[in-house]
Amino acid sequence: MVIQKRPRGARSQAAIFRAAAHEFAQRGYDAAGVDRIAARAHVNKAMLYYHFGSKQGLYVEVLRDMFRAVGTRTRAIADGPGAGEDKLDAWILTMVEEAAGRPWFPPIMLRELASGATHIDRETFGMMNAVYAAVRDVIVQGQGEGTFREVDPLLTYFTILPAILIFFARQRVAQRKNVQGLAAAAPRHLDEFVRHMQESARAMLRRQT
C-alpha cells in the first residue's frame, strides 16, 4: 500500500489550525496570540495569514469546523429513516462524538457564549442554527408519532447542549493538580455519558400515558 503524503501547504494549514484551536481554548480569543500560534505550528506568521487571512478568520474556521461536521451528520439523521426516539439517540451520540474529537471546542464555545458571541458572524450563526434545526425536526417527528410530549424544541436543545459542553470542559479541570470535591471527580467514560444523556433526553420528552 502506498501512503500519500499531504502537500506541504496542506500540512502547514492543518498545523496552524490545531495550534490555534488549542490556543483559543486555553486563552480565549482576545488573549490568544498570533505569535504563539505560529510558533506552536512551526510556521511564520505570513503563512498563517496566507491560509486564514486574519486571527478572526482563523478563529471562525475553528468554530465552523465543528458546526460543519455536526450539521452534516445531524441533518442526515433528521432526514433519514427511523423513529424519532432512535434519531434523538443518534443526534446525541453525534454531538458527543464530534465534541470528543475536538477537545478544544467546548471551552471555546462556552467562552464565546458567555461573551455574547461577539466574534461569530452571520454565516457561522447559520451553521449553528442548522444543528438546532436537525434536532427540532427530530422532536417534531417524535411528537407526530405520539412518542414525545408537546415541548418547546428550542428549550429542549438548550437543556441538552450545555450538558455536553460542560462535560468536556470539566475534563480539563479534573486534570489539574490540587483540586478537590466535584472538580477532582474522575471523568466518566464516554459511553456512560452518552447513555446517560440519551436516557435523560428520552425521559424528558416521553409522553406520559
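The conversation below sets computed values against their definitions.

Colleague: What should I know about the model before we start?
Modeller: It is a predicted model, in which local features need pLDDT of at least 70 and side-chain atom pairs count only at pLDDT 80 or more, while totals for chains, interfaces and linings use all residues. Residues are numbered from 1 along each chain as its sequence is written, and side-chain values use heavy atoms, with hydrogens and water left out.

Colleague: How many helices and strands does the chain have?
Modeller: There are nine helices and zero strands. Both are DSSP runs numbered from the N terminus: helices are H or I with at least four residues, strands are E with at least two.

Colleague: What makes F67 and F105 an edge-to-face pair?
Modeller: Rings of Phe, Tyr and Trp (its six-membered ring) pair if their centres lie within 6.5 Å; planes under 30 degrees apart are stacked, over 60 edge-to-face, and the rest tilted. By this rule the count comes to eleven aromatic pairs. For F67 and F105, the centres are 5.5 Å apart and the planes are at 90 degrees, hence edge-to-face. This pair links distant parts of the chain, with F67 in helix α4 and F105 in helix α6 (residues 105–114), 38 residues apart.

Colleague: Which label do W91 and Y157 get as an aromatic pair?
Modeller: Theirs is edge-to-face too, with 6.1 Å centre to centre and 65 degrees between the planes. W91 sits in helix α5 (residues 84–100) and Y157 in helix α8 (residues 153–174), 66 residues apart. Both are buried, and together with Y132 and F158 they form one aromatic cluster.

Colleague: How do you know that D79 and R75 make a polar contact?
Modeller: A polar contact is a pair of N or O atoms within 3.5 Å; within protein, one must be able to donate a hydrogen and the other to accept it, and residues adjacent in sequence count only if both atoms are side-chain atoms. The side chains of D79 and R75 make theirs at 3.0 Å.

Colleague: Why is K55 said to sit over the ring of Y29?
Modeller: The rule asks for NZ of Lys or CZ of Arg within 6 Å of the ring centre and within 35 degrees of the ring normal. The charged end of K55 sits over the Y29 ring, 4.6 Å from its centre.

Colleague: What is in contact with L93, leaving aside its neighbours within four places in sequence?
Modeller: V194 and Q198 are, where contact means heavy atoms within 4.5 Å.

Note on methods: Buried < 20%, exposed > 50% of the residue type's maximum accessible area, 1.4 Å probe, protein only.
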